[in-house]
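Student: I've just opened this one and I'm new to it. Can you walk me through it?

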Amino acid sequence: MVGVELVMAALAAGASAGLTDTASSTVRDAYGALYEAVRRRLSAHGEEVLDAAQVEPDAWEARLREELTASGVDRDQELLAAAEALWALVGAGGKYRVDARGAKGVQVGDHSIQTNTFN
């Protein structure tokens, strides 16, 4: 994931994680830093879209994508680094990162007993 898609995903994941009581201060700080970096990059109208997207993400997603693209966030290396850092903290959405494309008989989890039957 790169550019605008990375920023959009990181903002969404950070906003979701930040709403939980279990979110660490590291996650909240990383989200705040990314949010402010995006806010500084956007025009005044873009800031309004960013704020609206926080309240109604589904309704404003396409417009926010347009604003982010027009503002050139995909060329701002510092902002992209902030998005990558936040995504690394919360973006996986789970404990494991597994790429099992083409794999057969894979089990992922904390179970110490695994039984696979191959025919």
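Student: What share of the contacts between residues at least 6 apart in sequence joins residues at least 24 apart?
Tutor: Bear in mind that this is a predicted model, where local features need pLDDT of at least 70, side-chain atom pairs count only at pLDDT 80 or more, and totals for chains, interfaces and linings use all residues. Residues are numbered from 1 along each chain as its sequence is written, and side-chain values use heavy atoms, with hydrogens and water left out. A contact means heavy atoms within 4.5 Å. Among contacts in the chain between residues at least 6 apart in sequence, the share joining residues at least 24 apart is 57%.

Student: How many helices are there in the chain?
Tutor: Helices are DSSP runs of H or I with at least four residues, and strands are E runs of at least two, numbered from the N terminus. The chain has zero strands, and its helices number five.

Student: How do helix 3 and helix 4 pack, roughly parallel or roughly antiparallel?
Tutor: Axes are lines fitted to C-alpha atoms over the stretch in contact, with angles from 0 to 180 degrees between N-to-C directions. For helix 3 (residues 44-55) and helix 4 the angle is about 150°, with the axes 8 Å apart. Angles over 145 degrees count as roughly antiparallel and those under 35 as roughly parallel, so the pair is roughly antiparallel.

Methods:
Parallel < 35°, antiparallel > 145°, perpendicular 65-115°, else oblique.
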